[in-house]
Amino acid sequence: MMNLTFYPTYFLLVGIPGLGHEQIWISIPFCIIYILALLGNIMVMVVILTSPKLHQPMFIFVSMLAFIDCLLCTSFAPKILSIFWFNDRAISFNGCLLQMSFIHSFTSIESGFLLCMAYDRYIAIYKPLQYSSIITRRLITRLGIVFVARAVVLIGPFSLMIKRFSAFKSNIIAHSYCEHMAVVKLAAADIRVNSIYGLFVAFTVVGVDLFFIFFSYTMIFNAVSRLPSKETRLKAFNTCTPHICVFLSFYIMALFSYLSHRYGEKIPPYIHIILSDSYLLVPPMLNPLVYGIKTTLIREEIWKIIKKQKSKTVQE
């Protein structure tokens, strides 16, 4: 067979390699998780925006995270479900690059917002008297702009670096969405620059954010351990534990997704793809539970809204 190369006008997404017949069953939990993530984050945003009591820095960060989670899920989940249900595998070349940019940008912004929330908790526990003077709305706005700008600056070159390739060996992407290295591996050219830059972005975003999150929670636990009351210490630790679980689930899966494309030849493809999909779906589903419903004030506001709706229904 001749070794032919070409410049594709569209790509074909495989879905989950090796599990073609089982994809219809896999789509059920994927669809449920996506719906729960979408409804949960929308509910958290609506409750925070409509309740003046929740217009505080901590809850503003929660609403920002919920907004990014909705965008992240929607940037890839509908396409995955269309592959599973209707075998709709085709995606245009520019559409693929756009989806890739959205997914990597939103994950970068989410990582930044998780760092903001860890910093917020650090100031609240370590410097409670100075909290209102440090965590201001101006600071929140600036942090949001910084992390959005970081995502644009770091992720923007991905598309430009792919467009510089003059030919590709194939247009079949062995993935369920357009991931940077999954597309780059199809190029009929030297991909070392793309691979090195991808690693640089991964460790700049995940590595730096994870380091400062770890530092923040180290200081938090140090402050909590000095509290005189055992009940207060346990309450503080119980509050932090779910947050740490969310951090770990997000960052461990993120690093696995980045590194397995480069060094995971021995990992079965379907395991890699399922975990890569889960890392984009599961944290957005968990975040409303951990940061929203488990927070007392948000939970109280949700119950108020539910009671109002019930009373309106009874009156009608």
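The entries below go from the cysteines to a phenylalanine, a helix and the strands.

**Ground rules.** I am reading a predicted model, in which local features need pLDDT of at least 70 and side-chain atom pairs count only at pLDDT 80 or more, while totals for chains, interfaces and linings use all residues. I number residues from 1 along each chain as its sequence is written, and side-chain values use heavy atoms, with hydrogens and water left out.

**Cysteines.** I searched the whole structure for disulfides (a pair of cysteine sulfur atoms within 2.5 Å) and found one. Cys-96 and Cys-178 form that bond, with their sulfur atoms 2.1 Å apart. I noted that this pair links distant parts of the chain, 82 residues apart, with Cys-96 in helix α4 (residues 93-126) and Cys-178 in the loop between β3 (172-173) and α7 (180-184). For these labels, helices (H or I, at least four residues) and strands (E, at least two) are DSSP runs, numbered from the N terminus. The torsion about the S-S bond of Cys-96 and Cys-178 is about -125 degrees, so I recorded the disulfide as left-handed.

I then checked burial, where buried means under 20% relative accessible area, exposed over 50%, and partly exposed in between (1.4 Å probe, protein chains only). Both Cys-96 and Cys-178 are buried. Cys-31 still counts as buried, at 16% relative accessibility.

**Phe-168.** I located Phe-168 in the loop between α6 (137-163) and β3, and its relative accessible area of 0% makes it buried. Its contacts (heavy atoms within 4.5 Å), not counting residues up to four places away in sequence, include Phe-6, Phe-11, Phe-93 and Ala-187. The C-alpha atoms of Phe-168 and Ala-187 are separated by 4.2 Å, although these residues are 19 apart along the chain.

**Helix α2.** Of the 18 residues of α2, 14 are buried, so I describe this helix as largely enclosed by the rest of the structure.

**Strands.** In β1 (residues 10-13), I found a covered face made by Phe-11 and Leu-13 and an uncovered one made by Tyr-10 and Leu-12. Counting strands as paired if DSSP finds at least two bridges between them, I saw β1 pair with β2 (residues 90-92) in the antiparallel sense over three bridges, and with β3 in the parallel sense over two bridges. Leu-12 has Ala-90 as its bridge partner in β2 and Ile-172 as its bridge partner in β3.
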